[in-house]
Amino acid sequence: MITKLNHVSIFVLDQNSAYDFYVNKLGFKVHTDAAMGPGMRWLTVTPPEQPDLEISLMAVTEGMMFDHDSAAQMKTLISKGTFGFGVFECNDLLATYEELKAKGVKFKKEPTKEFYGFEALFMDDSGNWFSLGQKESA
Amino acid sequence: MPTQEYPRIYLYRRIVQAKLFIDSHYADAINLDSIAGSAWFSKFHFIRLFKTIYGKTPHQYLTHVRINKAMLLLESGASVSEVCYSVGFDSITSFTGLFKRVVKQTPSGYQQLQLARKADMGKTPLKYVPNCFAEAKGWV
């Protein structure tokens, strides 16, 4: 029986730049940073309150996973902002928005009250976008 | 002007600035009273709003930042005393006690575990990668 999700992947254009974004700007913690060989790196980060959910910052490189054309297509799609990889949550959206903006994070949508909640949309350094919502108080 | 008459976004920005100030000056002897700012943002309101937003008082948050930085420095191999003083503590005894209370391990115990994990990761990195990903990437 499936009990939980423990790994999820986000495709990024550059792992060094993604490290800086997710760790230094978003405040995620590094879980695993393992060199697998020349130009190959397994890098996972965890959100501050989910230490057992590893987010793999997966480089798009030509190899077993992507052939040359597919890698090029993926990179184009990522940089165009095609992919929204998920929804993050925070305790206070206005404060989080102000802080991330001060750190240089780009937003597609400012904090807005929608019928489903209070939400903003931000982008990572590669172009992937995420919803950021305020945790509902109990 | 009383605090509650200021536009909400202005107060949020002040709180965020205070938080970012703590993030970058955690190693200094920060006077949290002075962070509360001017006469029209009372220390009481500042602490209350900070706690509402971040779930911790400014003092608790400062401790949290110092301990997190200490963990990173210990992982890099710095000595316990070096870490203690470089993150803003002035007593190794109080640093060790607080670290153990928060992390549930002593600083040296935590460091030994992390350095051993790092060494193991360098020797057998595949142990740390789910096999499906390793296969998809052609690492096995």
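**Exercise 1.** How far apart do the C-alpha centres of domain 1 of chain B and domain 2 of chain B lie?

*Solution.* Let's begin with the ground rules. This is a predicted model, in which local features need pLDDT of at least 70 and side-chain atom pairs count only at pLDDT 80 or more, while totals for chains, interfaces and linings use all residues. Residues are numbered from 1 along each chain as its sequence is written, and chains are lettered from A and ligands numbered from 1 in the order in which they are written.

Step 1: find the domains, whose bounds come from an automatic or database domain assignment. In chain B, domain 1 is 1-55 and domain 2 is 67-140.
Step 2: read off the separation of their C-alpha centres, 32 Å.

**Exercise 2.** Work out the strand order of the open sheet in chain A.

*Solution.* Step 1: strands (E, at least two residues) and helices (H or I, at least four) are DSSP runs, numbered from the N terminus. Two strands pair if DSSP finds at least two bridges between them.
Step 1: the four strands follow the order β1-β4-β3-β2 (chain A), with mixed pairing.
Step 2: the edges are β1 (7-12) and β2 (29-37) of chain A, each pairing on one side only.
Step 3: look at one pair. Strands β3 (residues 40-46) and β4 (residues 54-59) of chain A run antiparallel and are joined by two bridges. Here Thr44(A) faces Ser56(A) in β4(A).

**Exercise 3.** Describe the side of chain A that touches chain B.

*Solution.* Step 1: residues are in contact if their C-beta atoms, placed from the backbone, lie within 7 Å. On this basis, 18 residues of chain A contact 19 residues of chain B.
Step 1: β2, β3 and α3 (93-102) of chain A each give two or more residues to this side. The largest share, five residues, comes from α3(A).

Notes: Contact = placed C-beta atoms within 7 Å.
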